[in-house]
Amino acid sequence: MAINYSKVARQTPVGSDTYKVFAQAQTTAIWDLNTFAGHIHDHNSTLSKGLILHILTDMVSCMKEKLLDGTKIKLDDFGSFWISLQSNGQESADNFTASDITGIRVRYTVGSDMTSAKLMKDASFEFVGTREQQAEIKAQRNADLNALTGGESSSESGSGNDNQDQGDD
């Protein structure tokens, strides 16, 4: 399956009057742990979907526990997870306290199987346009079909894929 993408114009450098066109990946679906466990099971796993889901759920819980105690989790070819802290700066070490810590971020670095070079070897790409462009195409197709069949025009709009993440345009 191909990676769907649209084209976007972005200022380069940021804040300038110069724009360049870049690719932006389009999300095609959002999977929860249950769906992902089913997918793993469908790859001829001898483990049941329920057991896989249980393992993944426990993995998330245990990762949170270990990240919060300062452990870096290395999952071999998948990658490594650890936390970093956000904080307010203080003038001196004596003035800095734990109350100056404002946030925690989970960090991730890719493992050897998830590198850009390895992913590019297996990737293919398909231009699909922005969601707005996809909605216009769908509306035009509906209008064309309605004209052929004598049906009513529809104000329905959408991307043509109800599972798309609305955050990536």
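**Contacts, fold and local features of the predicted chain**

Of the contacts in the chain between residues at least 6 apart in sequence, 43% join residues at least 24 apart. Of the 169 residues in the chain, 18% count as buried. The accessible surface of the chain comes to about 12,600 Å², and carbon and sulfur atoms account for 53% of that area.

Next comes the question of confidence. The mean pLDDT of the chain is 85, with 89% of the residues reaching 70 or more. In the chain, confidence is highest in strand β5, residues 101–110, at a mean of 96, and lowest in helix α4, residues 131–149, at 81.

A reader turning to open space in the model can look to the largest pocket, which contains about 220 Å³ of space. Its lining is made up of M1, T27, T28, A29, W31, F36 and H39. By residue type, this lining divides into four nonpolar and three polar residues, with no charged ones.

P13 sits in the loop between β1 (3–11) and β2 (19–25).

N44 is not a glycine, yet its phi is positive, at about 60°. The position of N44 is in the loop that runs between α1 (33–42) and α2 (49–68). With a relative accessible area of 74%, N44 is over the 50% cut-off and therefore counts as exposed. D76 also has a positive phi without being a glycine, here of about 45°. The loop that holds D76 lies between β3 (73–74) and β4 (79–87). The relative accessible area of D76 is 58%, so this residue is exposed as well.

Two further loop residues show how positions separated along the sequence are placed in space. A123 belongs to the loop between α3 (116–122) and β6 (125–127). A123 and M1 are separated by 122 residues in sequence, while their C-alpha atoms are 8.2 Å apart in space. M1 is also one of the residues that line the largest pocket. A123 counts as partly exposed because its relative accessibility is 27%, between the 20% and 50% cut-offs.

The other example is T115, found in the loop between β5 and α3. T115 and D77 are 38 residues apart in sequence, and the distance between them, C-alpha to C-alpha, is 9.4 Å. T115 has 26% relative accessibility and so counts as partly exposed.

Terms used:
Residues are numbered from 1 along each chain as its sequence is written. This is a predicted model: local features need pLDDT of at least 70, side-chain atom pairs count only at pLDDT 80 or more; totals for chains, interfaces and linings use all residues. Side-chain values use heavy atoms; hydrogens and water are left out. Buried means under 20% relative accessible area, exposed over 50%, partly exposed in between (1.4 Å probe, protein chains only). Contact means heavy atoms within 4.5 Å. Accessible areas come from the Shrake-Rupley method with a 1.4 Å probe; for residues, only the protein chains shown count as cover. On a 1 Å grid over the protein atoms alone, a cavity is a set of points where a 1.4 Å probe fits but cannot get out, and a pocket is an open set with protein on both sides within 12 Å along at least five of seven lines; lining residues have an atom within 4 Å of a point. Grid points are joined across faces, edges and corners, and a volume is the space filled by probe spheres set on the points. Ala, Val, Leu, Ile, Met, Phe, Trp, Tyr, Cys and Pro count as nonpolar, Asp, Glu, Lys and Arg as charged, and the others, Gly among them, as polar. pLDDT is the predictor's confidence in each residue, from 0 to 100. Helices (H or I, at least four residues) and strands (E, at least two) are DSSP runs, numbered from the N terminus.
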